[in-house]
Each structure stands twice: as C-alpha cells, then as structure tokens.
Amino acid sequence: EAGVAQSPRYKIIEKRQSVAFWCNPISGHATLYWYQQILGQGPKLLIQFQNNGVVDDSQLPKDRFSAERLKGVDSTLKIQPAKLEDSAVYLCASSLEWQNGETQYFGPGTRLLVL
Amino acid sequence: KQEVTQIPAALSVPEGENLVLNCSFTDSAIYNLQWFRQDPGKGLTSLLLIQSSQREQTSGRLNASLDKSSGRSTLYIAASQPGDSATYLCAVPDQTGANNLFFGTGTRLTVIP
C-alpha cells in the first residue's frame, strides 16, 4: 500500500513570509498527525485530527500556525508569518484510529528553512 | 508531563559489534513503547513496538526490552552493519489516550566499516 505522502520536500523562505505544507495519509486512516522536529530534537506534536475534527492542538502556536483537514483525508499546515525558529522538519503521520497502541506511519517530511 | 530521555546522544562502533541504546521515561503508566529509525533527510520508520504487557520484542538482529517499573527500555542491535547507521528514536504515547507520541532526542549511530 502507498505510504504517507508529503509535499514539498524542501522549502526555503524569508522570515515573515507564508508557507503551506500538504499531507496525504494512508488510505483509510482516520487519524492524522503533524509533528515539528527541530534539528537535534525528537519530533513534537503540533496537531492531531480524527477524520476532520481536532483531537489535540494544545502545542500548536495558533497565532501563526493553522491546519485543516476539511474532507477528513488530506491536510494542510500553514505558517503565517514565519519566524526563524520555525526552521525544522515537519512530519505528517497517520494511523487507523486514535486509540493508544495504534501504529503511526510517518511521511518523509518537509524540511523548512526560514532565513 | 511525560519526558523521554535517550543516552548516549551519539555512538560510533566498528562493524560487527553488538550495541545497546538506552531510553528512559518519567511516567511508567505507558500503553506501549516504540523504537523508530530515522535516516538523514527521511521520515521515521517503525522498528519495534512493545506493548505494556510485554517485556521484549525481536525483529531480526534487533531486540527491544521494556521495564515499566523502572521507566526504561533498551534496543539491542546484534552484529552491527554500516547500513545500521542512522538516528534511533524511542517514543511513548500520551497518557490522555489521544495516541500522540512523546519522543526522546535520539541516539545517532555510526557503524564504521
């Protein structure tokens, strides 16, 4: 089966610009996650969707980050305006459901550099 | 809040050696623990998932152990190969039941031919 797809793979922008990332989860997976991985650190959850509803967005910087999953399939993550500290890899993952124990499958990530 | 720590941060070994990576977590009431591999510029690949009721999981040359009471897990890699060079991350799910993962900072492994 096809894995989690993400695009673009790389993005370079200047601070205060806007950027959007796209994720297509594995077919049939109800739960979708966005993680931020800063260089030298482990991934940190930004937001979790169950179908098109938000399960957890407690660590999403809502003044500049937004995410949506309108039809319960694909998702977009947007940063507006970007700051230097947003430079990171943005990982999308999906799982069948959101209960504990469900394996998460990760995409290749989008590497963002903010200059 | 759950905190996950991995030691060492980096490790270099000659090819063929056996090695152990360590992971510790502060809240022992976990559902499971997962070990991932991350290659440079790539996403995460799940290696092993240990349920809270299990003490070990094996896959090929990899063996992961879990001691919930002490808040520790180890990943044992036998007969290391240059292709094992990568960053290894351990992760445990959020206890609220939402399944989001708390990750350690990883161990960067280099196997020298």
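Accessible areas come from the Shrake-Rupley method with a 1.4 Å probe. On this basis, chain B of the predicted model exposes about 5100 Å². Carbon and sulfur atoms supply 48% of that area. Of the 113 residues in chain B, 47% count as buried.

Chain B contains 11 strands and 0 helices. Its order along the sequence is β-β-β-β-β-β-β-β-β-β-β. The radius of gyration is 14 Å, close to the 13 Å given by the globule rule for 113 residues, so chain B is as compact as a globular protein of that length. Along the principal axes, the C-alpha atoms of chain B fill a box of roughly 45 × 30 × 20 Å. Among contacts in chain B with a separation of 6 or more, 54% join residues 24 or more positions apart.

The largest nonpolar core has 23 residues. The members touching the most other members are Val4(B), Leu33(B), Trp35(B), Leu75(B), Ile77(B), Tyr88(B) and Leu109(B). Several strands of chain B each supply at least two residues of this core: β3 (19-25), β4 (32-38), β5 (44-51), β7 (62-67), β8 (72-77), β9 (86-93) and β11 (107-112).

Chain B carries 8 positive and 9 negative charges.

Definitions and conventions:
Residues numbered from 1 in each chain as written. Chains lettered and ligands numbered in written order. Predicted model: local features only at pLDDT ≥ 70, side-chain atom pairs only at ≥ 80, totals over all residues. Heavy atoms only, no water. Core = buried A, V, L, I, M, F, W, Y, C linked by side-chain atoms within 4.5 Å. Buried < 20%, exposed > 50% of the residue type's maximum accessible area, 1.4 Å probe, protein only. Helix = DSSP H or I, 4+ residues; strand = E, 2+ residues; numbered from the N terminus. Rg over C-alpha atoms; globule rule 2.2 N^0.38 Å. Contact = heavy atoms within 4.5 Å. Lys, Arg positive; Asp, Glu negative; His and termini not counted. Charge placed at Lys NZ, Arg CZ, Asp CG, Glu CD.
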